[in-house]
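Open the model in your viewer and keep the selection panel at hand. The tour goes stop by stop: select, look, move on.

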Amino acid sequence: MVDRVLVTLDGVVRDPGEPLITADDIGVLRGDGVFETVLVRDGKACAIELHLARLRRSAEALELPVPDPGRWRTAVEAAAKEWGTEREGQLRLILTRGRDGVDDAEGSAYVLVLPVAERVGKARAEGVSVITLTRGVSVDLAQNAPWLLFGAKTLSYATNMAALRFAARMGADDVIFTSTEHRVLEGPRSTVVIQRDKQLITPPARQGVLPGITQRALFAEAEKAGWECRYESFFTADLITAESIWLLSSVTLAARVSSLDGLRMSAPEGAEEISELVERGIARPWKLADWT
Ligand code: PLP
């Protein structure tokens, strides 16, 4: 069974053990590039059209050459096929600004599939313990300072990973970032959704959070099933009074928050419905144009 797959944008399957990026790639030097993380299931990349659309949006925000969705689609299909149907995989689409000082119009572009992290199964089944941490910014900042690239999925994830390591030192599995106004933002690698009765609420993208594909998939299915779904700002205090809190992301899918800042949050009745709605949502036949 292969344990990693590498495909370049020309559709060629490469040896993942061989070097691909040069030492002067600006993606390495400055984290200047964009990416997507996608779940591979049954040999297919889930909701790939939404990921291709968001990759384009991120590239535009960084003024990178807009990726041709057709070529990415071909590379993704080749990578997912190579990965096989036996187990899930974590597929990344990577696009960097390319080599420093070299006319590198296309940048470095490739698709990489790795095994899904071990924590994922446990997070899906048992949920995650979470601490809230400040991001130290106002919810207004994204609108006033577009150069900060909030809402674009850039390769610069060092602070997000540092927040997760900080949480681990505190004995927690994950993090919910908050603004200086104590409003809820997002996780370092997930969208936050709260549930009250038959309502689902997530912070709006204008607050500087990444628009989530898994959250979008959940809302599409939940609305069909009679839930009321809203994009609305809410506070840290609203987390505590919610019936359930969810961290949604493309690979883990739905992880219920089982404790928040040390406070146990027991599962409400029917909590598994949310996970089922997510599963159905990501399996929908999404189109590129569905990402608006
Ligand atoms: N917010 C951030 C900062 C993320 O990194 C991610 C995913 O990695 C998400 C939200 C969730 O997005 P998606 O459901 O599209 O994976």
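Select helix H9, residues 271-282. Its buried residues pack against S3, strand S9 (191-196), strand S10 (199-202), helix H7 (213-224), strand S12 (244-249) and strand S13 (253-260). Contact here means heavy atoms within 4.5 Å. Helices (H or I, at least four residues) and strands (E, at least two) are DSSP runs, numbered from the N terminus.

Two notes on what you see: this is a predicted model, where local features need pLDDT of at least 70, side-chain atom pairs count only at pLDDT 80 or more, and totals for chains, interfaces and linings use all residues. Residues are numbered from 1 along each chain as its sequence is written, and side-chain values use heavy atoms, with hydrogens and water left out.

Stay on H9. Which of its residues are buried? They are Ala271, Ile274, Leu277, Val278, Gly281 and Ile282. They cover an arc of only 120° around the axis, so they sit on the same side of H9. The arc is that of the directions from the helix axis to the C-beta atoms. Buried means under 20% relative accessible area, exposed over 50%, and partly exposed in between (1.4 Å probe, protein chains only).

The H7 and H9 axes come within 8 Å and cross at roughly 105°. The two helices are therefore roughly perpendicular. Angles under 35 degrees count as roughly parallel, over 145 as roughly antiparallel, 65 to 115 as roughly perpendicular and the rest as oblique. Axes are lines fitted to C-alpha atoms, for helices over the stretch in contact, and angles run from 0 to 180 degrees between N-to-C directions. On the H7 side, show Thr214, Ala217, Leu218, Glu221 and Ala222. They meet Ile274, Leu277, Val278, Arg280, Gly281 and Ile282 in H9.

Next, S13. Eight of its eight residues are buried, so the strand is largely enclosed by the rest of the structure. Strands pair if DSSP finds at least two bridges between them. Strand S7 (residues 128-134) pairs with S13 in the parallel sense over three bridges; Val130 stands opposite Leu260. S12 pairs with S13 in the antiparallel sense over four bridges, and Leu247 has Ala255 as its bridge partner. S12 and S13 form a hairpin with three residues between them.

Now pick Asp174 in strand S8 (residues 174-178). Is this residue buried or exposed? Asp174 is buried, at 7% relative accessibility. Its contacts include Val130 and Leu247, and also Arg189; residues up to four places away in sequence are not counted.

Move to the open sheet of six strands, in the order S2-S1-S6-S5-S3-S4, with antiparallel pairing. S2 (13-14) and S4 (44-45) stand at the edges with a single partner strand each, so one side of each lacks a neighbour in the sheet. Select S6, residues 109-115. Five of its seven residues are buried, so S6 is largely enclosed. Seven bridges join S6 to S5 (residues 89-96); Leu91 partners Val113. Four bridges join S6 to S1, with Thr8 opposite Tyr110. Helix H3 (residues 69-83) lies across the strands, at about 25° to S6.

Last stop: cysteines. Cys46 is buried at 14% and Cys229 at 13%. Counting pairs of cysteine sulfur atoms within 2.5 Å as disulfides, the total is zero.
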